[in-house]
Amino acid sequence: MKTTIRRVAIIGGNRIPFARSNTVYSHASNHEMLTATLQGLVDRFNLHGERLGDVAGGAVMKHARDFNLVRECVLSTTLARETPAFDLQQACGTGLEAAIVVANKIALGQIECGIAGGVDTTSDAPIGLNEKMRRILLDASRARSTGQRLAALSRMRPAMLFRPALPRNGEPRTGYSMGEHAELMAREWGISREAQDALALSSQQNLARAYNEGFFTDLMTSFKGVSRDNNLRAELSIEKLRALKPAFDRKVAPEQGTLTAGNSTPLTDGASAVLLASEDWARERKLPVLAYLSWSEVAAVDFFDKKEGLLMAPAYAVPRMLKRANLTLQDFDFYEIHEAFAAQVLCTLKAWEDPAYCRERLGLAQALGAIDRARLNVNGSSLATGHPFAATGGRLIATLAKLLAQKGSGRGLISICAAGGQGVVAILER
Amino acid sequence: MKTIEISQPKGAAASLLGVVLARRKPAAAVNALPEVTLVRPQVVLDAAHIARYANVCGFHMAQGVPISYPQMLTFPLLMAFFGSGDCPWPAMGTVHLANRIVQLQRLDAGDTVRVEVRTGRLLAHEKGQTFELELRVLRADTLVWEATQTLLRLGVKQPAGAAYASALSADLPLSHQADFMASANIGRRYGRVSGDLNPIHLSALSARLFGFQRAIAHGLWTQARALAALLPRAPVTQAALTSEFKTPLLLPARATLWSTRQIQGTLQQAALFEVRNARGDKPHLRGQLDYQ
């Protein structure tokens with residue numbers, strides 16, 4: 001058997017504007033949002049009735065009934081019904097991981113084209129039955145006699161109706177929320193409030209400028225009458241950011257916090273998707289290639305016993321990938337580092353500049369060094385757009401691919417941190 | 001130089017009485033303060049009292065003896081000074097304008113120290129006469145802690161001394177750091193711990209007798225409450241604090257703490273801070289803290 005590795009082309013991307021939780025998309029389901037996003041991509045590249053090789057995607061916050069979410073969404077679009085699809089989930093890395101999986105299939109010649117996507121809603125969140133009540137109902141259904149059934153049901157209490165199981169935005173093993181973990185990291189790395197606010201402001205200003213330049217016109221489909229991310233604050237000032245009170249300090253650093261609602265991403269609803277293909281497939285359809293997905297890497301850290309920062313995994317993933325690609329951290333024209341929290345980005349950059357950390361934790365001979373900050377998230381990132389967990393990967397790929405296409409040639413780095421101490425990173429080239 | 005030794009401080013009520021009686025003193029101009037040193041030759045740092053102070057001011061036990069705590073030890077001496085003929089003006093109506101604290105060595109509960117208060121410079125202020133009191137704490141004849149209290153006697157015409165100037169220069173932008181409650185009874189609680197039972201701090205009614213709408217928080221409580229938030233959760237060895245009291249904090253209130261650490265201080269760590277009103281547009285207290 002002869003297998004050749006093929007280049008994987010990024011043809012385009014699409015997303016719906018992202019919306020802060022419980023605002024304009026309050027009543028939109030994951031199914032609705034991902035379907036609208038996929039349909040927008042199908043319309044843009046005229047894929048009506050086409051059978052694609054695969055569609056991969058997922059959601060972090062998911063209803064049990066959405067066990068086959070992506071396939072159901074595909075069936076709701078004008079793609080051929082014969083297009084297979086599957087769900088996957090890797091927390092905030094879901095969207096990028098989906099793209100890597102589809103890209104690998106294309107690279108190996110298993111498929112010619114595919115879509116990778118992601119969607120999330122924290123507004124239309126799954127609320128479970130009270131856990132005790134759920135067990136009683138299951139016991140009742142297992143009962144073999146009326147007596148046993150009544151005995152089980154007699155354990156029900158009215159209070160159970162009002163204490164449902166709510167989804168939590170926290171790490172099961174530590175009990176801390178993402179923000180609390182990021183606050184701990186900011187303390188460990190000595191990241192100042194001022195540096196975080198400055199990054200948040202530049203993210204907002206960059207996104208506003210990109211919208212004004214029409215950058216997102218061919219990367220977005222309006223949804224529910226919304227045509228811009230509603231977390232964008234074009235009129236934001238540094239004074240307004242300074243006036244916000246720390247939001248995650250109470251448990252981990254009472255009265256000494258640095259993370260605020262302004263320099264952290266809000267809970268967000270939204271969806272994104274990217275179209276990937278072999279060069280042959282693109283050529284046949286006369287579709288221009290924006291960029292190529294050339295390298296990827298995942299990493300995970302021990303944030304529990306070894307006490308590594310929960311969101312530090314990208315710091316490990318990037319040097320491993322650079323080594324395989326024979327590149328240095330400075331060999332990039334653009335850096336798309338997902339801004340889960342301004343502190344996460346700043347901790348990662350500081351870690352790469354720290355010789356001791358690079359030597360002892362990352363096993364490198366010397367520090368990776370500093371990056372040119374003018375190349376970081378040049379068209380804004382999650383602090384401004386918001387962060388619908390699984391949809392962020394698709395947003396980053398489409399944004400970076402278009403940046404490289406506009407530039408004509410070059411290389412860009414994508415880095416995403418994810419719950420569970422994980423990180424997913426990739427290199428795009430043109 | 002006159003030295004007055006006070007081994008058995010008077011009770012809070014007695015010293016308050018002295019202070020109230022001393023109200024009869026006129027608001028006269030003087031050329032210099034008499035050179036007086038008041039001394040408590042042997043004071044043991046009482047863990048229980050430190051704990052009560054820490055609790056009222058919001059300090060964490062892990063922070064050890066707060067750098068502002070030794071001011072509690074000087075209070076009986078200050079009251080004795082104000083109640084004596086050596087102080088040209090009464091305590092009532094004397095405004096606490098600023099203070100500077102320098103801790104040179106870490107203090108621990110159980111330490112035996114010598115506490116001194118002596119008269120310092122006169123400075124001319126646009127609203128009256130400013131005068132300084134120098135506070136010192138020595139352990140085994142070594143100076144471990146010192147402070148300067150800058151007080152203002154309002155309404156003194158043609159005040160003596162060089163012009164008073166703010167010691168806090170850098171006007172850096174500050175960020176909202178924390179909120180804290182100054183509860184209605186905080187004046188009474190801090191008063192019981194500190195011995196400072198000035199009626200303007202105790203209740204709305206007693207404060208009204210002295211021209212305030214409501215009781216006002218002790219400036220030193222506000223300062224200590226800010227320090228509790230700014231200092232790390234471990235004892236510090238060296239520290240320097242410069243504070244200026246801007247406007248009274250009327251009780252009860254929700255106050256906001258604003259700060260920045262983007263300054264170069266004299267020690268490893270430094271913070272510039274303000275305690276402001278709930279809206280964050282009016283400062284009650286401004287200060288710079290250095291520590292290591």
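This is a predicted model: local features need pLDDT of at least 70, side-chain atom pairs count only at pLDDT 80 or more; totals for chains, interfaces and linings use all residues.
Local features need pLDDT of at least 70, side-chain atom pairs count only at pLDDT 80 or more, and totals for chains, interfaces and linings use all residues. Residues are numbered from 1 along each chain as its sequence is written, chains are lettered from A and ligands numbered from 1 in the order in which they are written, and side-chain values use heavy atoms, with hydrogens and water left out.

**Exercise 1. The interface**

Task: Describe how chain A meets chain B.

Solution: 
- Start with contacts, meaning heavy atoms within 4.5 Å. Chain A brings 13 residues, and chain B brings 20.
- Next, take the buried area, which is the accessible area (1.4 Å probe) that two parts lose on being put together, summed over both. The value is about 1200 Å², with 39% from carbon and sulfur atoms.
- Look for salt bridges (a side-chain nitrogen of Lys or Arg within 4 Å of a carboxyl oxygen of Asp or Glu). The rule finds 2 across this interface. One of them joins K245(A) to D179(B), with the closest N and O atoms 3.9 Å apart.
- Helices here are DSSP runs of H or I, at least four residues, and strands are runs of E, at least two, numbered from the N terminus.

**Exercise 2. A strand and its partners**

Task: Find how covered strand β9 of chain A is, and which strands pair with it.

Solution: 
- Check burial (buried is under 20% relative accessible area, exposed over 50%, partly exposed in between; 1.4 Å probe, protein chains only).
- Look for pairing, which takes at least two DSSP bridges between two strands. Strand β8(A), residues 334-337, runs parallel to β9(A) over 4 bridges. Here E336(A) faces I414(A).
- Strand β10(A), residues 422-429, pairs antiparallel with β9(A) over 8 bridges. C417(A) stands opposite G423(A).
- Finish at the hairpin of β9(A) and β10(A). It has 3 residues between the strands, and G420(A) takes a positive phi near 80°.

**Exercise 3. One alanine**

Task: Is A124(B) buried or exposed, and why?

Solution: 
- A124(B) sits in strand β4 (residues 112-125) of chain B.
- Apply the cut-off. A124(B) counts as buried because its relative accessibility is 19%.
- List neighbours, leaving out residues up to four places away in sequence. A124(B) touches several residues, including Q129(B), P159(B) and Y164(B).
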